[in-house]
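This briefing goes through selected features of one protein model. Look at the sequence and the 3D view, then read the points below.

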Amino acid sequence: MKRLMGLIVSLVLLTGLLTGCAGTPETAVSTPQSVSGNDAKKGAWPRTITDAAGNKVVLAKQPQRIAILHSLYLEYFFALGTPPIASMGASTGNAMKALKEWETLKSYAGTADIMDLGSARDLNLEAILAAKPDVIVTFKGQGHLAQMYDQLVQIAPIIQVDFNASWQDQTLACAEIVGKEAFAQDFIKETETVISSAKSKLSKHKGKTIALFRTDGKSFISRGTKEYYETFGIAKPAGYPDHYQTLSLEAVAEMKPDYIVFQDSVQNAQTFVKAQESSSVWQSLGAVKNGQVLYFDDSLNTFGPLAMRITADRLMQIFSE
C-alpha cells in the first residue's frame, strides 16, 4: 500500500495537481504562527507562514480548498467565513452530521458541503488526495502526522496550529491561512465582549458552585480548568482540580457542588447518570436533590470561539432558571 500511495502522490506531482500552493518544512523556530518578512503586509500573497511546529510554509495564493485533519477546527473556519471542503474526525460520524447536530455549527447547516476524510486517528491519504486541497490544517502533535508528513506535504502544504494556544491565537492562526486577519480581529473583539458581558453577570452568582465534567462511562472527568472558571467568573466547588482529572463519585460528593454540568455527548452522559441513580452517595448530592444536574453539548469541548460564546449563554441560563 505504501508503494501504491507513493506512486499516486508522484503522479499527482507530475500532472500538476499541486498548483497554487507549495509547502516546505524547514528548521524549527521558537516563535509560532507568524507572517514573516515582506509577507507581513496583510492580504499579501504569496505569504510565508511559520506554523506551530516551526515549519515555514509558503502559500502562493489564498487557499480556496481547505482540508482539516481534525473536526475541532470546523468552527474556526466557519466563523471566518471560509468553510473547509473536507474534514476528518467528527465525533458524530462526519462533518456534515456535525453541522446538523453540534450546537456550535447548527447555524451553518446547509451552507457548505464537506467531504468526509474518515477518522482523525487513521489518516487516509487516498481520501485527502481525492479532496484536492490547497492547504491541509491540523494541530501540532496530531497522532500519525509525523509518520505521514512527507507524503501529505506532497498533496498540499500542511499548517499545524497550536491546540494549547488560546482560542484567540488559534483564530488568528487560522485567519492567517485564509488571509482574513482583519475580520478575525473584529470577531475576536466581539466574542471577548460577549464573554466579558457574561462574566459580569455570572460573577454575581459566585455563591453558587458549578462542577463541570465529562465521563468515560465509569468515572467523572473534570473539564473546567482554572482559566475556564476565571474566564467566565464562576465559582468551582472546594476540592475541584485546576486541571483535568478522573474522579470518583465519592470525590465529587465531598465537593458538594451546587450544580453538576456534564459537557459531553448528552446520551453518554445521561447513561452515566442513570447508572449512578442507584447509589445513595449520588442521591445525597444537593445538585441531584435540587434537580441541578445539567447537560452542555459535546461540541463546547473545543473551547473555540463559537464554543465560548455558547458556553457564556448556557452558563447564564443556569442562573436565569
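How many residues does the largest nonpolar core have, and which have the most contacts inside it? The largest nonpolar core has 73 residues, and Phe262 and Trp282 have the most contacts inside it. A nonpolar core is a set of buried Ala, Val, Leu, Ile, Met, Phe, Trp, Tyr and Cys residues joined through side-chain atoms within 4.5 Å. Buried means under 20% relative accessible area, exposed over 50%, and partly exposed in between (1.4 Å probe, protein chains only).

The model is predicted: local features need pLDDT of at least 70, side-chain atom pairs count only at pLDDT 80 or more, and totals for chains, interfaces and linings use all residues. Residues are numbered from 1 along each chain as its sequence is written, and side-chain values use heavy atoms, leaving out hydrogens and water.

- Helices (H or I, at least four residues) and strands (E, at least two) are DSSP runs, numbered from the N terminus.
- Domain 1 (47-183) and domain 2 (203-319) both contribute residues, so this core lies between them. The domain bounds come from an automatic or database domain assignment.
- Another core, of 22 residues, lies apart from it and includes Ala67 and Leu145.

**Helix 6**
- Nine of the 12 residues of helix 6 are buried, so this helix is largely enclosed by the rest of the structure.
- Among the buried residues are Trp167, Cys174 and Val178.

**Gly207**
- Gly207 sits in the loop between helix 7 (181-202) and strand 10 (210-215).
- Gly207 counts as exposed because its relative accessibility is 68%.
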